[in-house]
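Here are my notes for you on this one. Keep the viewer open and click along as you read.

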Amino acid sequence: MPPTASDRVTFDRARDLARRHGWREKALIYLTRRPDEILVLEHTHEYPDAGVQVPAGGVDPGEEPAQAAVRELLEETGLRVSGPAEYLGSHIWHDEAAPSRVRHYYRLRAPLTTPDRWEHIVSAGTDDSGMVFRLVFRPLREAGLTPGFGWDGELGSLVGVSEPGGADRELRTERLVLRVPTEHDLPSILQLHQQDLSILHNPGDRLADAVQARDLLARWQRQWRDHGIGYWMVALRHDSGIIGVRGVKSMTLGSRPIMNLLYRFDPSAWGMGYATEAARAAVARSRALHPSLPVVVRVRPANRGSARVALKVGLRREPDLDEPGEDGIDHIYVGFVTSTFDMQDAACLCWSRGRCVPCPRRRDEASRPRPVGGARRADPLRDLHGPGGPT
């Protein structure tokens, strides 16, 4: 079968075709530990014709492809990575005899502590259960995936961000592209901070002119240089026009270090779920880079939309942490840190003789019931890091 045996289509188009024709959908996972490498799956000598693949599997009824990607990664590698998965693209396979004609490609990230190689016994699935897979990280440009079966269908999407200085300069979701701001974004930054509705709850963020916009851009870019993460400009995948800004920056709350989540969108993009979609990607990337730092959102009391987004991405309202902000009191929402093994984009594994098994350890801090209501805690932020503070 030739390598060009598929057509690239939009996510919505792929899902629509699958529904109308009853085609099976498949999720393929590109797992990266560093930007210039990828995890590949090698079968043992018992399956010599299987070739070199990436983790992949079918989408179950009622399951979203992104959820299938996370589940299949766990089943085929033992890596518990809760996502969200970064969407790369969808393809329609030409061969009518192919078991999965619709294929969705996703990227997930593993912690830097993940081993270079290991073996895993597949834990689920009717076809692969009990099989032994060899997993190994290879250089992205030397992945060696067996051609003609679609394993490399979106590999080119990773190459551009694996160049020096280009790592994670861009994130993609099903509908959005998040990229690091540049000089070309100055008009969009100024417009976004001059619209009355965009800054309705934070009028102190209004920019008077292009000079102030340039100063703001310089601060954003300095955050990227110093911390390897910051604010992204947000655009639709099918339209390069900027619809908002989303990301995190390093700061303190009650003298404790945190990652502060910001989201601001053009009113024309409200009510479509873009804010939540982009926030999930930003939170996941923050937790992958800085797993010991809680993600915090500051919300003005009347800003119900922002409060809803905070709750949707897994943050929790913490009244004990409320404090005055530039434009009045800020309500605080927090994504609690229990353990780096429980965070999005983190793995839970025990390693024994090069094989992975589900981690049996119980962590007291992760399983300890957290107070709801009742007496005021003396130091609520202590729960964010544990008794010893951030590490």
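Which residues have the most contacts inside the largest nonpolar core? Have a look before you read point 2.

1. **Ground rules.** This is a predicted model, so local features need pLDDT of at least 70 and side-chain atom pairs count only at pLDDT 80 or more, while totals for chains, interfaces and linings use all residues. Residues are numbered from 1 along each chain as its sequence is written, and side-chain values use heavy atoms, with hydrogens and water left out.

2. **The largest core.** The answer is Leu 176, Ile 243, Leu 261, Phe 265 and Val 297, in a core of 33 residues. The elements giving it two or more residues are β11 (176-179), β12 (231-236), β13 (239-253), β14 (256-265), α6 (274-289), β15 (295-299) and α7 (304-312). The top contributor is α6, with seven residues. A nonpolar core here is a set of buried Ala, Val, Leu, Ile, Met, Phe, Trp, Tyr and Cys residues joined through side-chain atoms within 4.5 Å. Buried means under 20% relative accessible area, exposed means over 50%, and partly exposed is in between (1.4 Å probe, protein chains only). Helices (H or I, at least four residues) and strands (E, at least two) are DSSP runs, numbered from the N terminus.

3. Leaving out residues up to four places away in sequence, Leu 176 touches Leu 171, Val 234, Ala 235, Leu 236, Arg 237, Ile 243, Tyr 274, Glu 277 and Ala 278. Contact means heavy atoms within 4.5 Å. Apart from this core lies another, of 25 residues, among them Phe 11, Ala 66, Ala 69 and Trp 118.

4. **Helix α6.** How many residues of α6 are buried? It's 13 of the 16, so α6 is largely enclosed by the rest of the structure. From first C-alpha to last, α6 reaches 23 Å, close to the 22 Å expected at 1.5 Å a residue. That expected span is 1.5 Å times one less than the number of residues.

5. **Aromatic pairs.** Searching the whole structure turns up six of them. Phe 11 and Tyr 87 make an edge-to-face pair, with 5.3 Å centre to centre and 80° between the planes. This pair links distant parts of the chain, with Phe 11 in helix α1 (residues 11-21) and Tyr 87 in strand β6 (residues 86-93), 76 residues apart. Both Phe 11 and Tyr 87 are buried. The ring centres of Trp 118 and Phe 137 are 6.3 Å apart with planes at 55°, so that pair is tilted. Trp 118 and Phe 137 are both buried too. The rule: rings of Phe, Tyr and Trp (its six-membered ring) pair if their centres lie within 6.5 Å; planes under 30 degrees apart count as stacked, over 60 as edge-to-face and the rest as tilted.

6. **Charges over rings.** Phe 137 has the charged end of Arg 33 sitting over its ring, 4.4 Å from the centre. Likewise, Arg 317 lies over the face of Tyr 333, at 5.7 Å from the ring centre. To count, NZ of Lys or CZ of Arg must be within 6 Å of the ring centre and within 35 degrees of the ring normal.

7. **Salt bridges.** The whole structure has 23 salt bridges, each a side-chain nitrogen of Lys or Arg within 4 Å of a carboxyl oxygen of Asp or Glu. Glu 154 and Arg 8 meet in one (2.5 Å, N to O). Glu 154 lies in the loop between β9 and α3 (156-159) and Arg 8 in strand β1 (residues 6-9), so the pair ties together parts 146 residues apart in sequence. Buried or exposed? Glu 154 is buried at 4% relative accessible area, whereas Arg 8 counts as partly exposed at 48%.

8. **Around Asp 330.** Asp 330 sits in strand β18 (residues 328-335) and counts as buried, at 8% relative accessibility. Its contacts, beyond residues up to four places away in sequence, are Arg 298, Val 299, Arg 300, Asp 322, Glu 323 and Gly 325. Two of those, Glu 323 and Arg 298, meet in a salt bridge (2.8 Å, N to O).
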